[in-house]
Amino acid sequence: MCNSNYLYLAIRAALDAGKAIMDIYNDPNADFGVEQKADNSPLTKADKAAHCMITHLLSVTPFPVLSEEGADIPYNERKGWHTFWLVDPLDGTKEFIKRNGEFTVNIALIENGVPTAGVIYVPVRKELYFGSFNEGAFKAAGIDYDHQPASTEIRSKAKRMPVSSFHQGVVVVASRSHMTEDTRMYIDNLRKQGVPVTLISSGSSLKICLVAEGSADVYPRFAPTMEWDTAAGHAIAKAAGCEVYHIDEKTPLRYNKEDLHNPWFIVK
């Protein structure tokens, strides 16, 4: 299982990637260099800069890296990977382009198809979510990408998740950019059960974090995602006592499949 040294290295990589992203985000003269990928999703200079930063820093470990911006590794090669890093250098590129701050850096360690450690950094808010099978899940505020805090400083600012937060009824978190008819039906079915439902919206992997920290009860996702979109959040959710299931709400998602698309899933 993941040791604390690997977790802290992933945190350092996420912070450095956050700085690379914010250098572009905060430059009033910056050209985001928006391109369209084959699936019509956007790609920016910030995605590329964060990818290069993370893959360079993680190269000191014995584990290969599978990143959204380097995902063309053949399955025949990666199917033998028992332990590897799964990375989304800039999750929420649409939110980055909109400049609403709801984008993240996601880094996960996968062992035998299971996410055992994860880091999610929100550079605009300077919030850090991290967790592992061994140590539990944490949220730390005020973690600045402009300097590299020691692990002791990060721990001193971190609160164990879930954070106790009472709310009535069921709080459902849904995608800001990808609300679907199936998601609306899921929410309507909850209401038909006579339970008060509160709906909140968020971008990127923050939706999983809201469930892990206790701010939301469930996140249904009935729209396309890739493994790198969920892996870090999945690890953190597991460490916080939650799970990311197929829609049967029994079978956890697995990683490093031949097809890197996720099935529809529910976080709770």
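Reader: Is Cys242 buried or exposed?

Author: Cys242 is buried, at a relative accessible area of 16%. Buried means under 20% relative accessible area, exposed means over 50%, and partly exposed is in between, using a 1.4 Å probe and protein chains only. Keep in mind that this is a predicted model, where local features need pLDDT of at least 70, side-chain atom pairs count only at pLDDT 80 or more, and totals for chains, interfaces and linings use all residues. Residues are numbered from 1 along each chain as its sequence is written, and side-chain values use heavy atoms, with hydrogens and water left out.

Reader: How many disulfides are there?

Author: Zero, if a disulfide is a pair of cysteine sulfur atoms within 2.5 Å. For Cys242, the nearest cysteine sulfur belongs to Cys209 and is 11 Å away.

Reader: OK, new topic: what order do the strands of the open sheet come in?

Author: The order is 3-4-5-6-7-8-9, so seven strands with mixed pairing. Strands are DSSP runs of E with at least two residues, helices are runs of H or I with at least four, and both are numbered from the N terminus. Two strands pair if DSSP finds at least two bridges between them.

Reader: Which strands stand at the edges?

Author: Strand 3 (65-67) and strand 9 (158-161). Each has a single partner strand, so one side of each is left without a neighbour in the sheet. From one strand to the next, the twist averages 20 degrees.

Reader: How many bridges join strand 4 to strand 5?

Author: Seven, and strand 4 (residues 83-91) runs antiparallel to strand 5. Val87 stands opposite Ile107 of strand 5.

Reader: Which strands does helix 1 lie across?

Author: Helix 1 lies across strand 4, strand 5, strand 6 (114-122) and strand 7 (127-132), at about 35 degrees to strand 6. Helix 8 (residues 227-239) lies across strands 4, 5, 6, 7, 8 and 9, and runs at about 100 degrees to strand 6. Axes here are lines fitted to C-alpha atoms, for helices over the stretch in contact, with angles from 0 to 180 degrees between N-to-C directions. Contact means heavy atoms within 4.5 Å.

Reader: Now the rings. How many aromatic pairs are there?

Author: Ten. Rings of Phe, Tyr and Trp (its six-membered ring) pair if their centres lie within 6.5 Å; planes under 30 degrees apart are stacked, over 60 edge-to-face, and the rest tilted. One of the pairs is Tyr25 with Phe103, edge-to-face at 5.1 Å centre to centre and 65 degrees between the planes.

Reader: Where do Tyr25 and Phe103 sit in the chain?

Author: Tyr25 is in helix 1 (residues 4-25), while Phe103 is in the loop between helix 4 (93-98) and strand 5 (104-111). They are 78 residues apart, and the pair links distant parts of the chain. Tyr25 is buried at 9% relative accessible area, and Phe103 is buried at 0%.

Reader: Why is the pair of Phe96 and Phe103 edge-to-face?

Author: Their planes are at 75 degrees, with the ring centres 5.3 Å apart, so the pair is edge-to-face. Phe96 counts as buried too, at 0% relative accessibility.

Reader: Which rings are linked into a cluster?

Author: Tyr6, Phe63 and Trp85 are linked by ring pairs.

Reader: And which charged end sits over the ring of Phe138?

Author: That of Arg155, 5.2 Å from the ring centre. Lys126 lies over the face of Tyr145, 5.6 Å from the ring centre. The rule is that NZ of Lys or CZ of Arg is within 6 Å of the ring centre and within 35 degrees of the ring normal.
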